[in-house]
Amino acid sequence: MKNIFFLLLLIPFSSCTNQELGWFIISPNNVEGLTNLKFLLSGLTTTIYISVISIVISMLLGLIIAIPSLAKNKFLTFINIGYVEIVRAVPLLVLILWIYYGLPIMTGISFSPFVSGIIALAISESAFQAEIFRAGINSIKKAQWEAGSSLGLNFFKRLRLVILPQAIKNILPAIGNQFVYVLKMSSLVSIIGIGDLTRKANELVVTTYRPLEIYTFLILEYLVLILIVSFFVRKLEKRLKDK
């Protein structure tokens, strides 16, 4: 099995043996390569901004959507389930294109590519965040709700002061995983012209005709970015557990 895995790894490299690889195109040792590196890295801030804003908005939406599932009212529970199932069924790429191109036609309301990308990412991610919050809140023992009630706290104060602080500790790993997911999925916003990492790589491929070298560097960019995020998520998770 291991031999098959290594053979599959060697296929893309063996196909490139008949042509010279142009790593100089992204080498910092020459002017052209350094310029191209700066161009590729210029999309980093956009990727980070759109991912962070999207995950924050999606968490707020997810919490709001999760709250009806806590009620005993079947209608409210149906709203929660319906939203989650419908949003999760829509591919993110299709949602991005619909918000940017379809929404202005239907409503006359149009957004910039950056805002459209954030809206699409936040809506798509909110369904997953809603399930994470629902599971986290339900994991808290009923006695905690009763303790808050005995202190004279209403539902929302019990949720904010008693339940959520405990639930956050339980769901932090899942939220961290979703942030990594959003970072990767943010590459899809390049389809509507947002200058993120993927868009910058695509533009450079068109001008240099060096897809292997440039997309390899793009993979490394995402890899380093995600490893850094994962490191800080683990640090935060450990810090919360120690409290």
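**Close-up 1. F111 sits in the loop between helix 5 (92-107) and helix 6.** Helices here are DSSP runs of H or I with at least four residues, numbered from the N terminus. With a relative accessibility of 32%, F111 counts as partly exposed; that class lies between buried, under 20% relative accessible area, and exposed, over 50%, using a 1.4 Å probe and protein chains only. L61 is 50 residues away from F111 along the chain, and 20 Å separates their C-alpha atoms. This is a predicted model, in which local features need pLDDT of at least 70, side-chain atom pairs count only at pLDDT 80 or more, and totals for chains, interfaces and linings use all residues. Residues are numbered from 1 along each chain as its sequence is written, and side-chain values use heavy atoms, with hydrogens and water left out.

**Close-up 2. I48, Y49, V52, I53, V56, I57, L60 and L61 make a nonpolar surface patch of about 640 Å².** To join such a patch, residues need over 30% relative accessible area and no salt bridge, and nonpolar side chains (Val, Leu, Ile, Met, Phe, Trp, Tyr) are joined within 5 Å, like charges within 9 Å. A salt bridge would be a side-chain nitrogen of Lys or Arg within 4 Å of a carboxyl oxygen of Asp or Glu. The areas come from the Shrake-Rupley method with a 1.4 Å probe, and for residues only the protein chains shown count as cover. Take a look at L60, which lies in helix 3 (residues 44-66). L60 is exposed, at 54% relative accessible area.

**Close-up 3. The largest cavity has a volume of about 40 Å³.** The structure holds 1 cavity of 30 Å³ or more. Its lining is formed by L92, L121, S124, E125, F128, Y181, V182 and M185. Helix 6 (113-138) and helix 8 (155-185) are the elements giving two or more residues to this lining, and the largest share, 4 residues, comes from helix 6. On a 1 Å grid over the protein atoms alone, a cavity is a set of points where a 1.4 Å probe fits but cannot get out, whereas a pocket is an open set with protein on both sides within 12 Å along at least five of seven lines; lining residues have an atom within 4 Å of a point.

**Close-up 4. The largest pocket has a volume of about 230 Å³.** Around this pocket you will find L70, K72, I137, N138, I140, K141, K142 and W145. Helix 6 and helix 7 (142-150) each supply at least two of the lining residues.

Technical notes
Grid points are joined across faces, edges and corners, and a volume is the space filled by probe spheres set on the points.
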